[in-house]
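This report looks at how two protein chains meet and at what lies inside them. Please keep the sequence and the structure in view while reading.

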Amino acid sequence: MELSTIKDAFDRVTKKQKLSCSKTQEAIDQIRQEIESVLDTLQSANNTDHELDYKTVLNELKASFLLIAPLSQMEGTQKELNVALTKYGKLLEKHFNPDISKAYRNIDIDRHTLNQIIANHFYHQGLFEIGDHFMSVVGEPESAAIMKFPFVEMYQILEAMQNQNLEPALNWASTNGDKLAQSGSDIVLKLHSMQFVKVLQNGSREEALHYARMHLSPFATSHMTDIQKLMGCLLWTGKLDRSPYHALLSPSNWDKLAEELKRQFCNLLGQSYNSPLSVTVAAGVQVLPPLLKFMNVMAGKKNEWQSMNQLPVPVELDREFQFHSIFVCPVSKEQATEDNPPMLMSCGHVLCKQSILKMSKNSTKVFKCPYCPFDIDAAQCKQLYF
Amino acid sequence: MDVDPRQYEQIAINENDVNNIILSYLIHNCYKESSESFISCTGMKQPADHLENMEKRKRIFHHALEGNVLKAIELTGQLAQDILENNNDLLFDLLSLHFVDLVCSKKWTEALEFAQTKLSPYSVKEQKYMDKIEGFMSLLAYENPVECPMFHLIGLDYRQQVVDSLNQTILAHFNLPIHTAMERLIQQTSVVRQCLSQEDGGPPPFSLKDFLKSR
C-alpha cells in the first residue's frame, strides 16, 4: 500500500491547520490589545477633573474593530483548511476501505483450537505473562504449561546470546546434536566457532587450542576450509581485530547466529519460525485489497461467494508466504488435490488426473497433448509429487 | 648422420660418457665416498670444489631430512648468503617443516610461538602463504596430527619434496645441473619410445622396471 500519498495529504492538513490557528490567534491578540488600550484611557480619565465623553471613546473602539476586520482575516485560512481536510477525508476513504466486513464469512471454528492458536502466538513471541493470563481466563492452564515450556527455553537461550553468552545454546546443541545432524544443520559448528573466537578474544591461546581440539576437530573432514581459517586465527590471539579474520568479530554475526538458532530450535519442535497466527494475519493483510475488489465485483451475488470453496481470481503472495508448490491444471484451471493429482505425461507436460481421464474418455483412447503434437496414452501417465 | 631410430641398438656409446652420467648421479645425491671411489677407479678428473660443495650439501640435506631444519637453513646461509634470501617460497617451506616437527613432537606452545613469529609475517605478503599457513595450523586441532585431513603435510613424501627443492636451489646457485643426467636420459628415452610405439611396428613404450629386469 502506498502510504506516502496519505502522509503528504496529512502534512498538508497539518500545515493549513497551523496557519489557520496562528491567524486566529493574531486576530484575537489585536482585539485584546484594542480593548486594553480603551480601558486604560477610561481608567485614567477618572483621575482628572476633565470630563471625558465615554460614548465617543466607545465609538472609536468600534471603528477600530471594523478596521481590523477579524472575520475576513480568518476566513481565508479557515477556507483553505476545510479544503485540505475534505481532500484528506476523501483520500482516506479511497485508501482505507471502512467496510472490510464484506471480505469475510462466518466459519465454525473449535473454540479450544482457537485458544490454542492464540496462546501459541503469545508464547511464540515470548509474551509469557500475557499467554499465561489468557490461558487462565479461558480455563486451560494445564495445556498452557506444556505449550509454553520449550519457548521459555528458547528465549532463555536467545537472551543469553544477546549478552554474548553461548553456554545455554551449546548445551542445547549438545543435547540435540543427533537430530540437528540429521536435519543437515551446521549450527553446531557455527556455535562452536563463535565460542572459539570468544576464547581467542580473551587472549588465552592454550585455552583456544584446547577448545579447538575438543570441539572443532570433529568437523574438519566435512568443513575443512572453515576449520583451517579458525586455526589460522590462533596466530592472532588477542589481536583478532587487526588480523585478516576481523570479519569474524562483526556484531552482525551474533544476530545471524541467533536467528539461525531460533530457526533450528523451532524446526526441532515441529513449529514454524514465525507463529502461525502472525503468518496468517500478515498474509491476510496482504490479500485484503484484491479480495475487497473482488467483493465489489461480486456485490450482487452475496450468496454465491459465501458457498464457494475456491476464489476464481488469482491472489499473489510474497515469497515468504509460499511454503509448498501447488499445481494448477492448465486445462481445468483447478488446483491439484490428493484426489486429483498432477500427472506427468510421456511428452513431459503435466495435467491433472481428471483432465486426462476426460480427454482420454476414461483411458479408453489416445488423446493429443494440449501443448505439443504428442499423442498420449493415459496408462503411461505417472503421478507427480512436489 | 642419418640413422633410423629403430636401429638404436647399433649406436655405439662412448665409455667416458657413461662414466660422466654415473658420476653426475652420485654427486647430485651427495654420495661422497662412492664418488671418490668411482673417480679413482675410472681415472676420471674432477674439480675439487665439486666435492667440497657436495660435503656441505650433504650436511644440509641430512639436517633437513632428520628434522633439524633450522640448522639446515643456517648452513645454507653460510654456504651463500642470498640462496634463501632470494627464494621466499623455499624458505617458507623449510620453516613450515620446522613447524611440522614441533607439532609432531607435541610441543604445541612452541609451535604456536614459532608460527606466530616466523610464518605469520608471510601472510601479509601473498594470499597463497595465508592458505598454506591455515593448512598447517589445522594440524594443531588434533592431539595426534595423523588424524587431521591434512596429514600429508607430516609425511615423508612432503618432506622429501621440500628437501629436493632445497638441493636443486643450491645446485643452481653454483651453476650445476639441478637434474641428473640420468633423470634427463630416462625422461627423453620414455618420450622417444612413446613416439616410436605410436608408429606401426615400433618398439613398446619404455619401462625402467622392465628394462632392468631384461638385462
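A polar contact is a pair of N or O atoms within 3.5 Å, and within protein one of the two must be able to donate a hydrogen and the other to accept it. The model shown is a predicted one. In this model a polar contact of 2.8 Å links the side chain of A:R205 with that of B:E113.

**The contact between the chains**

Between them, chain A and chain B bury about 1800 Å², and 60% of this area is on carbon and sulfur atoms. On the side of chain A, the residues A:R205, A:R213 and A:L235 supply 38% of the area buried against chain B, which is more than any other three residues supply. The contact draws 19 residues from chain A and 20 residues from chain B.

Across this interface there are 7 residue pairs in polar contact, both residues being at pLDDT 80 or more. The side of chain A that touches chain B receives at least two residues from each of α10 (205-216) and α11 (224-233) of chain A, and its residues divide into 10 nonpolar, 4 polar and 5 charged. The count of salt bridges between chain A and chain B is 3. One of them joins B:E134 to A:K229, with the closest N and O atoms 3.5 Å apart.

**Two buried residues**

A:R205 is found in helix α10 of chain A, while B:T76 lies in helix α4 (residues 69-79) of chain B. A:R205 counts as buried because its relative accessibility is 11%, and B:T76 counts as buried because its relative accessibility is 1%.

| Residue | In contact with |
|---|---|
| A:R205 | A:L234, A:T237, B:L112, B:E113 and B:Q116 |
| B:T76 | B:I60, B:I83, B:L84, B:L166 and B:I170 |

**The nonpolar cores**

The largest nonpolar core has 96 residues, and those with the most contacts inside it are A:F196, A:L234, B:F99, B:M137 and B:L140. Helix α6 (residues 88-104) of chain B gives the most to this core, with 10 residues. Not counting residues up to four places away in sequence, B:F99 touches B:A111, B:F114, B:A115, B:L119, B:F136, B:M137 and B:L140. Another core, of 11 residues, lies apart from the largest one, and among its members are A:M343, A:M345, A:C369 and A:A378.

How values were computed. Residues numbered from 1 in each chain as written. Chains lettered and ligands numbered in written order. Predicted model: local features only at pLDDT ≥ 70, side-chain atom pairs only at ≥ 80, totals over all residues. Heavy atoms only, no water. Contact = heavy atoms within 4.5 Å. Buried area = accessible area lost by both parts, 1.4 Å probe. Salt bridge = Lys/Arg side-chain N within 4 Å of Asp/Glu carboxyl O. Helix = DSSP H or I, 4+ residues; strand = E, 2+ residues; numbered from the N terminus. Nonpolar A, V, L, I, M, F, W, Y, C, P; charged D, E, K, R; others polar. Core = buried A, V, L, I, M, F, W, Y, C linked by side-chain atoms within 4.5 Å. Buried < 20%, exposed > 50% of the residue type's maximum accessible area, 1.4 Å probe, protein only.
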